[in-house]
Amino acid sequence: MRKVLKVMVGNRMIILSVLGVLLYLAISQYHISLWYIVIAGSALGIIFGKVFCRWVCPMGLIMEMMMSMGGDDGKIKQMYQYHKIGCPIAWISGFLNKYSFFRIKLNEDTCKNCGICDKKCYIVAMEPTKYSLYKPGNIKPGESYTCSKCLECVASCPNGSLTYKV
Ligand code: SF4
Ligand code: SF4
């Protein structure tokens, strides 16, 4: 299972491209109401947390492609955040990160405190004194509104101390 997750995380942009294009084609070909997409994205949030933005969303795909072309351009990164602020699926599923069935869990008994996971997380990078995947007392970034379940943290842990499960 861990191997599958690692392969998925390593190929996330390919998965996002396929699902994003398929979703776009389905919406445009079959004139699916955006309300159905909002309901489906929110239902996904109940099960998996905020996975829609980085694994399924056509707009998320476009924004990530723009970010990768823009290098470290802070304006493009900000634009991505603004885009997500305007999206009801991001609001709802971000709120559900705390309550979803699947969540990022730490096994404190096997964790070696190496800090590799924190280095992979963009939320920890923004506020390193506030968030940490393993430090006791810090807020878990996986439960914050901003976590879009890239799962880089889980895939990077050399001990398998982080899992994404029910
Ligand atoms: S999945 Fe992990 S690495 Fe990605 S944003 Fe959430 S906590 Fe950070
Ligand atoms: S990468 Fe794994 S072992 Fe290292 S601090 Fe994070 S959870 Fe602990």
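Analyst: The largest pocket holds about 480 Å³ of space. The model is predicted, so local features need pLDDT of at least 70 and side-chain atom pairs pLDDT 80 or more, while totals for chains, interfaces and linings use all residues. Residues are numbered from 1 along each chain as its sequence is written, chains are lettered from A and ligands numbered from 1 in written order, and side-chain values use heavy atoms, leaving out hydrogens and water.

What is a pocket here? On a 1 Å grid over the protein atoms alone, a pocket is an open set of points where a 1.4 Å probe fits, with protein on both sides within 12 Å along at least five of seven lines. A lining residue has an atom within 4 Å of a point. Grid points are joined across faces, edges and corners, and the volume is the space filled by probe spheres set on them.

The lining has 20 residues. Nearest the centre lie Met1, Leu5, Met8, Leu151 and Tyr164. Helices (H or I, at least four residues) and strands (E, at least two) are DSSP runs, numbered from the N terminus. Helix α1 contributes the most to the lining, with five residues.

At least three of its residues come from each of domain 1 (2-96) and domain 2 (103-165). Those bounds come from an automatic or database domain assignment.

Which class dominates the lining? Sixteen would be spelled 16 here: there are 16 nonpolar residues, one polar and three charged. Ala, Val, Leu, Ile, Met, Phe, Trp, Tyr, Cys and Pro count as nonpolar, Asp, Glu, Lys and Arg as charged, and the others, Gly among them, as polar.

Leu151 leads us on. This pocket residue is also among those that surround ligand 1. A residue is near a molecule if one of its heavy atoms lies within 4 Å of it. The shell of ligand 1 also includes Cys121, Cys147, Cys150 and Cys153. By class, the shell has nine nonpolar residues, one polar and one charged.

Ile123 sits in helix α9 (residues 122-126). Its relative accessible area is 4%, so Ile123 is buried. Buried means under 20% relative accessible area, exposed over 50%, and partly exposed in between (1.4 Å probe, protein chains only). Pro141 lies in the loop between α9 and α10. Pro141 is buried too, with a value of 1%. Asn97 is 44 residues from Pro141 along the chain, and their C-alpha atoms are 9.7 Å apart.

Glu152 is found in helix α10 (residues 152-156). At 28% relative accessibility, Glu152 is partly exposed.

Ligand 2 has 14 residues around it. The nearest are Cys111, Cys114, Gly115, Cys117 and Cys157. This shell has nine nonpolar, four polar and one charged residues.

Now Asn113. Asn113 is in the loop between β1 (103-106) and α8 (116-120). Its phi is near 55°, a positive value in a residue other than glycine. Asn113 is exposed, at 53% relative accessibility. His31 also has a positive phi, about 50°, though it is not a glycine. Look for His31 in the loop between α2 and α3 (34-48). His31 is exposed, with 67% relative accessible area.

Leu61 is in helix α5 (residues 58-69). Leu61 is buried, at 9%. Leu61 and Gly20 are 41 residues apart in sequence, yet 6.7 Å apart from C-alpha to C-alpha. In helix α7 (residues 88-96), the buried residues are Ile89, Ala90, Ser93, Gly94 and Leu96. Down the axis of α7, they fall within an arc of 155°, so they line one face of the helix. That arc is taken from the directions from the helix axis to the C-beta atoms.
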